[in-house]
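Subject: Structure handover

Hello,

Here is the structure for you to look through. Please open it first, then read my notes below.

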Amino acid sequence: MTTQVCIIGAGPSGLLLGQLLHDIGVETLILERASLDHVLSRVRAGVLEQGTMRMLVTAGIGGRMHAQGLVHEGFAITRDDDIHRIDLTGLTGGKWVTVYGQTEVTRDLVDRRAETGGVTHYEADGVALHEFDSVKPYVTCRIGGEEVRIDCRFIAGCDGFHGASRRSVPEDAIRTFEKVYPFGWLGILSDVPPVSHELIYASHSRGFALCSMRSRSRSRYYIQCNAGDSIDAWSDDRFWTELRRRLPPGIAESMVTGPSFEKSIAPLRSFVAEPMRFGNLFLVGDAAHIVPPTGAKGLNLAASDVHYLFEGLRGHFLERDNHLLDTYSSRALDRVWKAVRFSWWMTTMLHRFPDQSPFEARIMESELAYTLGSEAAQTALAENYVGLPY
Ligand code: RFL
Ligand code: PHB
């Protein structure tokens, strides 16, 4: 098989890049390790920046997102029993975010690719990348038990943190930066109305909690848990009891609870790989970087990477100009590091760290007190939360 751009991974980065290229006549082929059902069953991000929405609209999938997405002009931070509202729209001169689940974004992108005749091979086993230092890279894998070779001009590694792309780069060509947090997030989905029409980020002496949603009748709740906790130790009752304890009493009392239909624990980590280009292989999204979910930045960073790479590939294929392709890594990394910093800051300020010294704990309490009391600090928070421009 041959194609112009071979995309590894059919998560949001791979599908979005694939659609944008397909729409300007650049041939793409997507190889995905998992089944379509598995890809569509993953529950992840919930908050979209306006820049991400713009990209999705360009890819032709604005309809359902605009009809069903919930516009959020602010969110609350609670500190033990106090409640503070962060007025995103007021502080940023009119910006907002939209709550629309990553599962829905992925479904919309999958449908659009099928409608427009893009090719995706699911259950592609043993994907291996070859000769990406040359102008004739190729990818091999097994599809339906058969060995396949795909010759291409470029490879886009959109295969997430555990994918094959980053791992195929020689160790001496890549530099990585990592921080693993000593806790995880236990998240549930439940068909109960959200406790508030805006998100609540709760900083509490028992640990962090987050009240989010997927719709007016579906809630997404998280609590900080121990890194090694097993999901079996967390019955629904235990989860709801613990969540209530971390919220101010008025909020806790009005929360409607019910059975969960999804429950999982996510470890928290910050990770960046530099550079994001190796010859004719480009890393995109979680394949190159991971942020803890506290700032709601992971999917949004994947979208801005796709923006920079799409501009570069469009320049190459349509205008015979490689300038934007050659600056992909530095342009993407500049924005990545700002989001890594912001996500680290939100995480550090709002969680309880088991290994923190009393001094560090007081500094973080003071960081939160300063933020909640200062319009200047809240403006910086809001500017980052709605997404830095690109
Ligand atoms: P993905 O989504 O991991 O997709 C990668 C795809 O590659 C496939 N794959 C392979 N395919 C072929 N060969 C291989 N060897 C392969 N290895 C892997 C995988 O099966 C998969 O289909 O990466 P992508 O596309 O870069 O997208 C990144 C986002 O998924 C991620 O950043 C966000 O989900 C992070 N995130 C959030 N981001 C936000 O912007 N806002 C949020 O509110 C938000 N909340 C979250 C989150 C992530 C969470 N978890 C579970 C880590 C909340 C949580 C709990
Ligand atoms: C979510 O709804 O899954 C969500 C929302 C905000 C975050 C993280 C996750 O910061």
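Strand 10 (residues 138–143) and strand 11 (residues 146–151) pair in the antiparallel sense, over 6 bridges. Two terms come up here. Helices (H or I, at least four residues) and strands (E, at least two) are DSSP runs, numbered from the N terminus. Two strands pair if DSSP finds at least two bridges between them. The hairpin of strand 10 and strand 11 has 2 residues between the strands, and Gly144 there takes a positive phi near 55°.

Now look at Thr140, which lies in strand 10. Thr140 stands opposite Arg149 in strand 11. The side chain of Thr140 makes a polar contact with the side chain of His130, at 2.7 Å. (A polar contact is a pair of N or O atoms within 3.5 Å; within protein, one must be able to donate a hydrogen and the other to accept it, and residues adjacent in sequence count only if both atoms are side-chain atoms.) Leaving aside neighbours within four places in sequence, Thr140 is in contact with Gly126, Val127, Ala128, His130, Val148 and Arg149. Contact means heavy atoms within 4.5 Å.

A word on the basis of all this. This is a predicted model: local features need pLDDT of at least 70, side-chain atom pairs count only at pLDDT 80 or more, and totals for chains, interfaces and linings use all residues. Residues are numbered from 1 along each chain as its sequence is written, chains are lettered from A and ligands numbered from 1 in the order in which they are written, and side-chain values use heavy atoms, with hydrogens and water left out.

Next, the sheets. Strands of a sheet pair through backbone hydrogen bonds, either parallel or antiparallel.

One open sheet has 8 strands in the order 6-5-14-15-16-13-17-20, with mixed pairing. Its edge strands are strand 6 (82–86) and strand 20 (289–290), and each pairs on one side only. Helix 12 (residues 358–373) packs on this sheet and touches strand 5 (75–79), strand 6 and strand 14 (200–203). The direction of helix 12 makes about 135° with that of strand 5. (Axes are lines fitted to C-alpha atoms, for helices over the stretch in contact, and angles run from 0 to 180 degrees between N-to-C directions.) Strand 13 (residues 175–190) and strand 17 (residues 260–274) run antiparallel, joined by 13 bridges. Ser190 has Ser260 in strand 17 as its bridge partner.

Another open sheet has 6 strands in the order 8-2-1-12-19-18, again with mixed pairing. Strand 8 (119–121) and strand 18 (277–278) stand at the edges with a single partner strand each, so one side of each is left without a neighbour in the sheet. Leu29 stands opposite Val119 in strand 8.

Two loops deserve a look. The peptide bond from Glu274 to Pro275 is cis, with omega near -10°. Pro275 lies in the loop between strand 17 and strand 18. Asp80 lies in the loop between strand 5 and strand 6. Phi of Asp80 is near 50°, a positive value in a residue other than glycine.

How is the chain divided? The domain assignment gives domain 1 (5–70 + 99–177 + 269–347) and domain 2 (182–268 + 354–386). Such bounds come from an automatic or database domain assignment. The contact takes 23 residues from domain 1 and 21 residues from domain 2. The area buried between them is about 1,800 Å², and carbon and sulfur atoms give 67% of it. (Buried area is the accessible area, with a 1.4 Å probe, that two parts lose on being put together, summed over both.) In domain 1, Val43, Leu70 and Trp345 lose the most area to domain 2, together 30% of what that side buries. Helix 11 (residues 328–350) gives the largest share of the side of domain 1 that touches domain 2, with 6 residues.

How many salt bridges lie between domain 1 and domain 2? The count there is 0. (A salt bridge is a side-chain nitrogen of Lys or Arg within 4 Å of a carboxyl oxygen of Asp or Glu.) The rule does find 5 residue pairs in polar contact across that interface, both residues at pLDDT 80 or more.

Best wishes
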